[in-house]
Every structure is written in C-alpha cells, then in structure tokens.
Amino acid sequence: MKKILLLGLTLFLASAMAFAQGRNVSGTVTSAEDGEPIPGATVLVKGTTVGAATDVNGKYSLSIPDNGTVLVFSFIGMATKEVPISGQTVIDVVLDYDAAELSEVAVTAMGIERNKNELAYSAQEVQGDQVSRVRSSDFVATLSGKVAGLDVRSDNTMGGSTNVVIRGYSSISGNNQALFVIDGVPVSNANNSPSAVDFGNAAADINPDNIESINVLKGAAATALYGSRAANGVIMITTKKGKKNSMNIAINSGVIWSSMDKSTFAEYQKEYGAGYIQSFRASQDMGSGEAPVVRFQDDASYGPAFNPNLQVYHWDAVDPTSPNYGKTKPWVAAQNDPSSYYETGLNSNQSITISGGGDETTFNLGYTRNDIKGNLPNSTIDKDMINFNAAYNATEKLTVSASANYTRTKGVGRYGVGYNGTNPNQQFRQWWQTNVDVEEQKSAYFRNRQNDTWNWNGANTGPIYSDNIYWSRYENYSNDTRDNIYGYVMLDYKLTDWMSIMGRATLSATTDMQEERLAVGSAGVPFYSRYNRDFKESNYDLMLNFKKNISEDFTFNGLLGANLRREETSSIDASTNGGLVVPRLYSLSNTVNPINPPTEEYFRRGVDGIYANANFGYKEKLFLELSARQDKSTTLPKGDNSYFYPAAGLNYVLNDAFKNVSWISAGKIRANYAEVGNDAPSLSVYDIYFKPTGFGSIPLFSLPSTKNNSNLKPERQKSYEAGLELDFFNSLFGFDFTVYQSNTVDQILPVDITAATGYTRRFVNAGEVQNKGIEVSAYVTPIQTNNFTWDMRLNFARNRNEVISLYGEGDSRVTNVPLASFQGGVSVNAAVGHPYGVIRGNDFVYTNGERTVDENGYYMVDSDASKIIGDPNPDWMGGINNTFTYKGLSLAFLIDIRKGGDVWSLDRWYGDGTGIYPVTAGLNDRGNPSRLPVAEGGGMLLPGVKEDGTRNDIYAENQNGDGQTALGYAANNYVGTPRSLYIYDGSYVKLRELVLSYSLPTSLFGQNSAVKRIDLQLVGRNLWIIHKNMEYSDPEEGLGNGNSARGYQSGAYPAMRNYGFNVKLNF
Amino acid sequence: MKKIILSLFCSSLMLATSCVDSLDDYNLSQKEAAAVPSETLFTNAVKGLTDALTSASVNSNNYRFYVQHWTATTYLDEPRYNMTSRTIPQAMWQSLYRDVLSDLKESKRLAMENTATIESVKNNQLAQIEIMEVYAWSVLLNTFGDVPYSEALDPENSLPVYDDAQTTYNAILGRLNNALTLINPTAEGYEDGDLLYEGDMEKWVKFGNSLKLKLAMVIADADAAQARTLVEAAAPNVFTSNADNTVFRYLGAQPNNNPVSNSVTGPYSTREDYVAANTLVDVMNDLKDPRRGQFFTQVGGEYKGGIYGFTNSYPDFSTVSAKVAAPDNPGLLLDYSEVKFLLAEALERGFAVGGTAQEHYNEAIKASITYWGGTDAEATAYLAQPSVAYATAAGDWKEKIGTQKWIALYNRGYDAWVEWRRLDAPTLLPPVEGLVVPLRMIYPVNEATLNGANKAAASSAIGGDSSDTALWWDVE
C-alpha cells in the first residue's frame, strides 16, 4: 500500500518537474544508520509541488523555482528533514530513522511483522544502534532507561548476570525474567551456577552490533502466542540481514576503559587502626626490641588511635621475605586504602560484518572478538562470536532461510558475590583494618607468591579469616568456558496470495564448564571443584499465515500454529574432599580424602502447544484481535497436564476523528484482555529420597526438605491493558500511554513451611500477585532547523505491586512467605497486602514517632524481627534520551532515573560495627573524640528521644570489644542496632550514556572509493551518578540475579565509569 | 494442492498434541530414588541427631558457651547469648524435626510395610526407631518448652499446634516404656545401619533404660512421684561400664567427621574462634583435674582460660585439645559416667536404686577420667582430694554432683546445659550485667511468619518466648 502511494507520488512529482524552471540543485540522500544511499526518497521544494525522487544510487537533481527556498527530504520510516537552499547547488542529506514513523511496522510474537495500527497492545521498539552505541559487552544492561516499564538490574561485576523484569514481579517463587527470543529462537537468561561466583547469563552472548532492532512485548496479550514462558514479557531481537543485490563490509573497532566511581565505594576513617578493643597485643620483641604488636587477628578497626610517634610491629614484621621483617613501623593509617585495589578495566571489541545478496539470496556473516580485562586483579573474559544467516528465494513461492550462531566465552577470575571469601568487598566493606596498605599487601604477594595476609592466626603462620587479597585473586581464582550455539532453519511457502505456511526448527544449546579453587595456604579447606552443565532446547514450529481482504472494508489476518518444545538439562558438580595433596595442582584426583559422590542433575521438559490468532480489520480503522492457545506440559501431573488460555483485543485508529484538528496527526486507542497459563518447575510432582554421602560403606537416605505435590495445576496470569497513542504536528511530539493490571493466580509455589511438618518447603498451588501501573513513552523534537535537530525520547513507568493472597484459609491462612533469609537478621518476603519482596527485620522502638534510646543511649530495638522495614520496589522509573544532531555530528545522552526502592546494607551493618566508616570515629558534639569513654567526654549522641519522650542527652559508648558500638552489628551486646537503620533509599539519577558521533562527510570519499562511510564515536557509560541517597555504594547493586537479589547488599561492587572510542568503517 | 497441505498441517497438529503424552513420564527423576530401605533413613537420622548435638558451629550449637566451657576470641554475639543474628533456634529446630524426626518417621513407615522381616526383628527395629525418636523429642522439649507434637510431621498441615510440654513429655516417656517392651534381646534389629551398637539389642535395652533414667530425673523437681517410679524401674538395667556408652564413631573424612573439627583449627578449618573459658579452667586448675590435658591445650606450660564473654587473644589462652579437635573424635549421646551421676542423685532424692550416693559419685568421676584416657590411679588421686571427695566437697549434693557433672559433660554442651538448669549448680554468671544465661532457647524467628498464631499461643502458655523463661520442670 505504502509502496503504491509512493510510486504515485513519484510519478506525480516527476510530471510536476517538467514544468519547473530555474536553478538546479543535486545531491545524494543516504541513511544515517548504515550510510547506504536511499533510492526512492522524496525531495520536495517546500511550499510547492515541485519535487523529485532519488534514483537507485540515492541521487537526485531538481530545478528550483524562483520562490523555492527550502528543500524537504522524506522517506518512509525516516525523519523528514528540511534544508534551506541558500544558493547551494549540491545538497547531500543524511536521513535518520524516526521512531514515530518506524513504529508503523512492528515485529510481533512469532516474528510476524504487523502494521502497528493493527495492534491492540503495547510494544516498544529499540533500534540496534541504540544498544550498540555505548559498546557495552552486555547489550541487556544497555536497555536500561530505554523502554518504559523495563526494570534492568545488573551488578557491577565483570560479565555478571543481568535481571530483566517487565511490569513488575508477578510470580512469587518462579521465574520473573523476560524471555529472550532471537530471530524466533528462544534463549534463556537464567544464571546457571551453583557457586557464589557470578558467571553471567547467556543473553550476554549476543553481539550488539548484529542487532537490527529490539522489540519489547510487555503484556500477556502481546505474548500469549509464546505460551507459558512469555508471561513475563518477551524481548524480541531481530538481527541484521543482508540486502538483495548489494555488498557491504562493516568493520567496527572500539576500546572502552573503565574505572571506579569513587562515590560508590567505601570511605575509611583515618584515626583508629586494627582491633576490636583499644589496645595492642602485649609487647614482644620480634627483632627490634619490645614493642606493641598489632592485633592481626582482629578484622576490625576499633583498635588504638593512630600515633605516628608510636613504633609497633605490623603484619609484615612476621613475614621473613619482607624488608620490614622483625622491624617496627609507625602506627599510622594506610596510605593506599582498598580503593587502589581496583584497576582500570579494558574492553576491546573488534568486529567485521559482511552482508549482501544477489537476486534471490541474502546473507550476513559476522565475527566479533571481545577482550575484557576486569577491574579486579587477574580477571579477564575473552569472547569469540560468529554469526551467520542467509535466505534464498528458491522459487517465487518458497523461501529457505537459516541462521547459525556460535559464541565462546572464556572467563578467568570472575567475581564472587555476596558474603563470600571470593568477594574482596567482604573485607573492604565489612571486615578491614584501616592500617593495612593495599600496595604493601600487593608487594608481599608478588615477593614470594605466598599468602602473606594482614590477618595472621595466633601463631603468625597463616590466615585466620582473610587471605591476602592478591593471593586470593591470583591463586583462588575461578575459570570458566561457555559454548553457546543457537540457530534455526526455516521454510516459508506461499500457498496462495493470501495464505502461507512456515516450518521452522530452532536450537539453543549451551555448554558450561566452571572450575573453582582454593589454594593450599588459604583460610579454609583447600579445594578444587568443577561444574559441567549442558542445556539444550529445541523448538519445532509449524504455522499457517492468512492475510485476506474479506471485502473492501474488512481485512483478515490470521495464523494457526503448533509448537513442540523440548528442553534437557544435565549437570554434574564435583569437588575434592578434605584438602589438596599437592599444592597448585587442581584436579579431582588431588584430593586428601576420597571424593564424595558428585551432584548430578537431570531435568527434561516437553511442552506441546497449538495456537490460533485472528485479526479482523474494518476500514483500516477498527481492529479486533483474538488468540488462543492450548499447552500440554510434562511438568504437570500426567493426565491433567493441558491448559487453555485466550486473549482478545480491540484497537481503534483515531486519524479520522482528528481530521479537522490540524495539530493532531495520528492517534489510536486500544484495549485488551489476556490470560497466560504456566506449568510447574521440573520434578515437582513426585516425592523422591535425597541421597547424602554414605557413612563409609553404610548407605544413607533422607527425605528431602521439599515436599512435592502430585496435584499441581497450571498457574495463570490474567491481565487487562488499555492504551492511547497520539502524534502531534507531524511527529514533532507524540506519546504512547498505557495502563495495565495483571493478576497471577494459582501460583505454583515451593513455600517455606515450619520444619515441625518434617519439611521446610512444600509445593502448593495458591496465591495471587497483582501488578498494576502506567507506562508512558513519548518523543518530542524541541528544535528542528536545517542543520540542527534536538530529539528527545522519554520513558516513564510506575508499577504498583501487591501480594493479594498466599495460601490456606481461615485460621490456617498464611500471610507471609519468606523468599530468602539473609545474614544480619533480615529477610525478603512475599506478604499479603504488601508489595512483593518487602524486607523484614527489627525496627526502632518509636516514642511519639521518634527513635527511642535506652538508658545507655543506644537505640532500643523492637523485639519483633518480622517488622516490615523496607520495600525494594521502585516508585517509578524513567529515562530521558536526548539526541542533538548537527550535520554529521551527533551527541546523544541518556539520563536514567529510579525513584525509590529500598536497599538493606549488610556492608554498613558490619562495617559500622567494625569501625571502618568515618561515622564511627571523629568528634562528638561535645568536641571530643567519640571513641573516648563517655566518662571522659566521649561517646556518641544518637538522634532520638528517651523512653520518657524527652530529647536524648545520653551519650552511648562508642567502643567495641565489649560489644558496645553505638552503631552496626555489635551494638548493645544482645540485639544489635535496629535493622531499619541500614535501610537506604535506592533512588538514583544517572547519566547512563553519553555518545558523541561523527560521520565523515560522504564527499570525502570519491565515487569509486572502497570506503563508503566512516563513523567515529566517543562513548561513555555510567559516567556520572547525578543523584543518589545511598552513601559509599551504588544503589543499583544487588546479589546477582533472581527474585530475592534486589534490596540487599553484601560486599557490593562499586560502579564503574566506562569511556572509550569506536571507529566504524563501511566498504 | 491447498487441501493436501491443509490436511497435512492438521494431521501434524494432531501428532503434536499427542506428543507429550507419548513421552515417558518426565516427572520421574532419573537421578533420585523413589524407594529405599528403611534402615538407611534410620542411620541418617541417628547421624543427624548426633551432628546437631555435637556440632560447635555458632550458627546452630552454642551450648558450650551457655555452660561456659568455651568462650569466643573475637565475636561476642553468641557468648553474650544473642540467638537471632544467626537464626540459631531455627537451625536446631530444623535439624531435629526435618533431619531427624522426619527420617525416623519415614523409616518406621517403611519398616512396618516391609512384610519380609520376621516379627521379632521388626519389633526390634521399631524399638530402635522409637528410642531415637524419644531422644530427639526430649531434646526439642528440653530446649524450647512447648513444641508441635500431636500435629507435627504432617506436611499437609502447615500450621501444627504447639502442645503442652509436660503432656508431651509424659507421652514420650510412655513411648519409651513401650519401646523397651518391644525389644527381644536375642533377635536382630537394624545391624549395619545401627552405627551405635551394630544391632546388639542387649545394649539397646541398656541404652533405653539409661535414657529413661535420664529423662525421668529431668522431671524430678516437677513430678517427683512419676520420676521415682521410672527411675526405680530403669535403674537395674542401665549402663554398667564405659563399654555400654552410646558412642557415635565419626570417620576422618568430611562429611562424616566430627563436626567440631569443622569449627576449630585443624585440617578442616583455619579459624581461631574459641578458647577454653576461665570459668571451667579455673575450677579444674583448683581441683588439679587430670582431664585438663585431654580437654585443653597448654599456654606457657599452664592451662589458662579466656575471660568468659570478653575479647580474648587466641594465642594467649588454652584452646581445645588435639583430641577434641580430631575429625574422628567420637560423639557421645549417653555415657556411663552420666548414668552414675544420675544414680547418685536418685539416692539423694530417696529413690531406691541400690548402692550409696558416694559410690555412684566416685564411679561417675572415675568413668569420666578413664573415658578421656586417664588412669585409675589418676582417678583415685583426684577423688582423694577433699575438694572432690563426696563427703568433703563444698556445698549440698546438688552442688557436688552439679559441679563434677559439669566437668564430666565437657564437650557435650547440650547435656551440660540441661543438667546445669536442673541442678542449678555450679553458679554461672553472665559476662555483663543485664544479660541472663539462657534457661531455654527462644522459638525460631521464622515461626512468627510460618506458624504465627500457634507460636504466639505457645509463647503466652509458657510465660513468654524469652530465653529467661524457665521450663516447666525447671522449678527450683
């Protein structure tokens, strides 16, 4: 239809041209995206009917009438550009894609392209260059702020996993992550590792340069055809394809550096050093006469005050290889605090893509090499990515296409997360001595490659708790490989002009190998472990597509399909037992005791689905969409394993309604209702016995801790959605507004139950979670002149989440299901009447709304450990994307905003208790050091009131050792500080992306030049946290991925600023 | 053509929809057993119970602190009786219900179903299970007070009521009597899977009676009449030497090692969290106790305990001996020394169990010294001291027996804690004013969210869910 219009217009313009007189202007119209000429673009003299269309090489020539001053360039899907003629005879123009225009065609479920006017649901598109422009190795993370309602959380680890949730958490214990579908191939984004090290997830194995576009299908109505797994939304990725009768070689070369954003790392008090109590160990003569000895064994900084005139024996005095062996040194704060441990990271990305095609074929072949050096010592990731796709029109009716992609990832020294010795931040943020100089630890390790720790045991022979931080990176590192293969073969056959059939087989397979080690000489039992996992998913689709105009006014689109999905996962996890015999030899056979039987896992899942979809249109104005799917899953009890779910939507195009309103260019309203069913996790139906390692030759069996359920039925999500889209002044401004509500009912939950039942978890079918919210995406072009354009994209989403019910009735009604219990005595919960994931712990005791202190000046603690003290769900999220274009130069920046979302910090809870942070030292408001005894004028005056309601005037002892810190974990001996003291508001405003691009003028390259286009880019990512409320930490940081990974920080990694450049050549 | 393709399409759809049903049942695990011998669950439960009581992990078992046998070097939360920051009650609760009682119940079900076993053997197996169940229930009751019993161990009932502790206690005493009548000493029971007595049912009779003696004495202050009946009935059949001890012989390799070795310096840990507490070491130094070398290490040629509940520098104080730290150090569930102390006490309470209190007292101490590796001569010399001799040692019988039993129950924190609460001796003071040495363990924090109404009812029934609420039998 569009094409016919275009042709008509061209003919019309061509005829108009014949009458034109005056000056001649010529030039070339090219596309900003790939530098290719645009054939068939329209060039019109503004205010006249004089115009021309570009030829196959994108060239045009036009005679300008005397009254002509401005040329208007336009092409479908591109932003219209106006250029003043002002005496020029050659005017070359680069056209950009236009969001509002592009949205006319949307890629929907099953990869079907639809006119956006037909859609009754919300779908938001992101162009490939929007995710590739910042050159991040994980494109998933770069979606943050670009799509309304998309909650992307990624930790600051090297190659770590990313959590992608659309429209809030809906499943209490199941997967809440969006499904990734690449060219029709479903790819899992689950994190697969049994260990505390974050090995990342497979969605990162996609080359961002190979992405043509990303379409985010948010609601159940949009995704119902994908069945069960798509209940959480779908991220549809369309990769780049070759173009017929063309040849293009693109080379991309970029380097990105990264360095720590110091505002997100710990700061240290510089007044007191090692110890839980303010004294040294008894004086000894370790070689330079009697002198005090530092409390090596105390992993805290509540020790004696620094005094440069005091000579003491430090940790290196007992290291025979140290120049300070047997010597004393002044008692001073470290010159190099742990921030100097973080190195400058480097990410080099080189890729080449060859694409093109002949009369009947197209292909695209790419290779990418990605070398990452992390910010921790001895951390690297190397990636090789090969992708190929091709299509062949075998006959006029038959198209054959295929794709094959292979990514190999090799990691060394991936980061440990959470409360774990493999995470250096456990030391840096929780258990540290401020007198320890990181550079000295470094030289101690490199001097003799031994574990010369600051945390010696009593005999000064090895570590008690903490290893030398360089030893742990260079000796106790992990290494891993992942092979990721995905691809498809597909046949399309046009049966008639209104019906086609498609058959497709897809495969996605990953093979993971992860090795971890703890070297002989480390704190803890040395070990070597290896984990191997194979995952394979294949899908077979058969689909009939219909497209028929029933009458002049009635159109019909439909499809009828069947899908077979088969998944298979097998893994084995083995470890040495009781230590390693030969140091630095890492094999299972190098075990002290015979190894225990490895843990084997084997899961399968088969789901068969049939589905149908019909879309009826009336006068291209009113559209009705109906779809239905029936699934049969092997994870449900046999015989009761099939479930049906429908969806319906209505869409009305308002263009006619606004015919007489000149400033409204287009509009539509839409509404839909959809249900999606979901099956159970594998192996949750029948009871089995758990097999512990035998007692010598005596076998042991045990009942497992989870009680399975043979009466499981599918869970179900029901959702409503309504939306309004309006476009003003020919796309100068427009928005898409959506309201939605979804309720997930009959959830399949492994709920925690009291161990008094004999189990600690039990699978039930109950519970309801509601999400409702609004999403707005808008675009506005505040300035558009001949050479300069300012475009803005705005995204806003607000989701309200509530757990409506859990399980049980009447007296046995359960109102809380803990999702995770964490160190520090806080838990993350699903609680009836509250948002999903609320944080519970001991609160303050309030008197007249104020925090109450006891008779010793310490905060009183409410004895109820199940008080809700925080909610990790953000109030709203938004993104502001700005693009300034001036000729070939463009500057884009993205501001990413999150309002609200609480975070509990174990780092501060422990760190304040061990005296690391500045708040634990310094002067009190009497002007005395707060660490002096209260009797000597010291102590801390905590803001609050006494039990009688009067203002607090009791100074609390600020010392440790007797468990009397005023803050943090050891306070008040018995119950600690109220946990709510360590709840932080996770709001932030971040300058997420900054990209300066320059396209060299095409005039630089001659007609026959091999190089067609050169783009230069300076890129920055996470350069500036404009605003946050959480000290010393990045509020985005969590515990890797999973439902309970947000809202809790332990050993948080600091944020990294990324900056670098990129060069792109097109041949 | 069109029709052919359409019909092909439809038939492939049909094929597809029948496909899942034609697969083998994917819900059947390929790697886990669906049927196992009952003995394997019994063995696992016995190991689970012994591990829970023997462990020295601060996450689950801190009784060695409560009785001031040990203290901590650096982290004072637990010696200062904090039970919440590490969810200690939850760990104990889970071990006993989920890892011990649940497996015992299942092994009983499987044993009953097994028609191939002859009646006498089956009865013996059921008695073995029942005795271990009674043991495990007694630990729960003596730790928490009221706990779920009548509605417990039923996964279909997620909200079991808490039963009155005394009623439950009487119920398990009844079950213990029944178990003892089931035993046929000449027949077999569980054998290879019986890690305690290798199927020697005569030993099980002694174990059952010794347990009866011990459990009956616990209620002596609250229900003297019943205690007398049970003690007098059990006394003739209790342990007669250390050879009868209920010993769990740990192996050297993880995970079958003595769990203490996971927490103290040795092959399985580099941590230096514990030193001996001055409370115990000072008493043993005063008494020149020959067991010190078996219990502790020396510092500068002497035994020196760290100050209880305060920061202690690890190298400056005695810590656990190599024997206690050894991965294959046996665990003890009940021993001869303990039984002898109970008999001494029975006589002081006027129960007819034969002998004199002094004889039993002497034998108890001697049994302890020799069990730990000391000689008869050492025992005799020790007993000869006026501060030890029953006639001359300080205090009333409770203090004499209490103090010596407190020493003899070294490294058996839970039992030492029960006896200390019961005998109110020796005097143990909290490290700082305002703290109270726990008289019970508080209910797991997560019970408030998992079984809140029942937990709340139990809390008020026992007089408050606090660690200073005395249990029903702790009346003096």
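## A mixed sheet of chain A

In chain A, three strands make up an open sheet in the order β36-β40-β39, with mixed pairing. Its edge strands, each of which pairs on one side only, are β36 (706–707) and β39 (748–752) of chain A. Strands are DSSP runs of E with at least two residues, helices are runs of H or I with at least four residues, and both are numbered from the N terminus; two strands count as paired if DSSP finds at least two bridges between them. β39(A) and strand β40 (residues 761–765) of chain A run antiparallel and are joined by five bridges, and A:I748 has A:N765 in β40(A) as its bridge partner.

This is a predicted model, in which local features need pLDDT of at least 70 and side-chain atom pairs count only at pLDDT 80 or more, whereas totals for chains, interfaces and linings use all residues. Residues are numbered from 1 along each chain as its sequence is written, chains are lettered from A and ligands numbered from 1 in the order in which they are written, and side-chain values use heavy atoms, with hydrogens and water left out.

A:E36 is placed in the loop between β1 (23–31) and β2 (42–45) of chain A. A:E36 has a relative accessible area of 18% and is therefore buried, a term that stands for under 20% relative accessible area, with exposed meaning over 50% and partly exposed in between (1.4 Å probe, protein chains only). Beyond its neighbours within four places in sequence, A:E36 is in contact with A:V29, A:T30, A:S31, A:N248 and A:K1012, contact meaning heavy atoms within 4.5 Å.

Over all chains, a search of the whole structure finds 77 aromatic pairs; rings of Phe, Tyr and Trp (its six-membered ring) pair if their centres lie within 6.5 Å, and planes under 30 degrees apart count as stacked, over 60 as edge-to-face and the rest as tilted. A:Y528 and A:Y586 form a tilted pair, with 6.5 Å centre to centre and 40 degrees between the planes. This pair links distant parts of the chain, 58 residues apart, with A:Y528 in strand β28 (residues 527–549) of chain A and A:Y586 in the loop between β30 (577–580) and β31 (591–593) of chain A. A:Y528 is buried, its relative accessible area being 2%.

A:F788 and A:F884 form a stacked pair, at 6.2 Å centre to centre and 20 degrees between the planes. A:F788 is partly exposed, with a relative accessible area of 26%. Their strands, β42(A) and β49(A), pair in the antiparallel sense over 10 bridges, and A:A797 stands opposite A:M877 in β49(A). β49(A) is also joined by 12 bridges to strand β50 (residues 889–900) of chain A, in an antiparallel run, and two residues separate β49(A) and β50(A) in a hairpin whose turn includes A:K887, with a positive phi of about 50 degrees.

## Two covered helices of chain B

Helix α5 (residues 119–144) of chain B has 26 residues and reaches 37 Å from its first C-alpha to its last, close to the 38 Å expected at 1.5 Å a residue, the expected span being 1.5 Å times one less than the number of residues. α5(B) is mostly covered, with 24 of its 26 residues buried, and is followed by B:G145, whose phi is positive, near 100 degrees.

Helix α12 (residues 336–348) of chain B is likewise mostly covered, with 11 of its 13 residues buried. These buried residues pack against α7 (201–218), α8 (224–234), β6 (331–334), α13 (357–371), α15 (397–408) and α16 (413–423) of chain B. Just after α12(B), B:G350 takes a positive phi of about 85 degrees.
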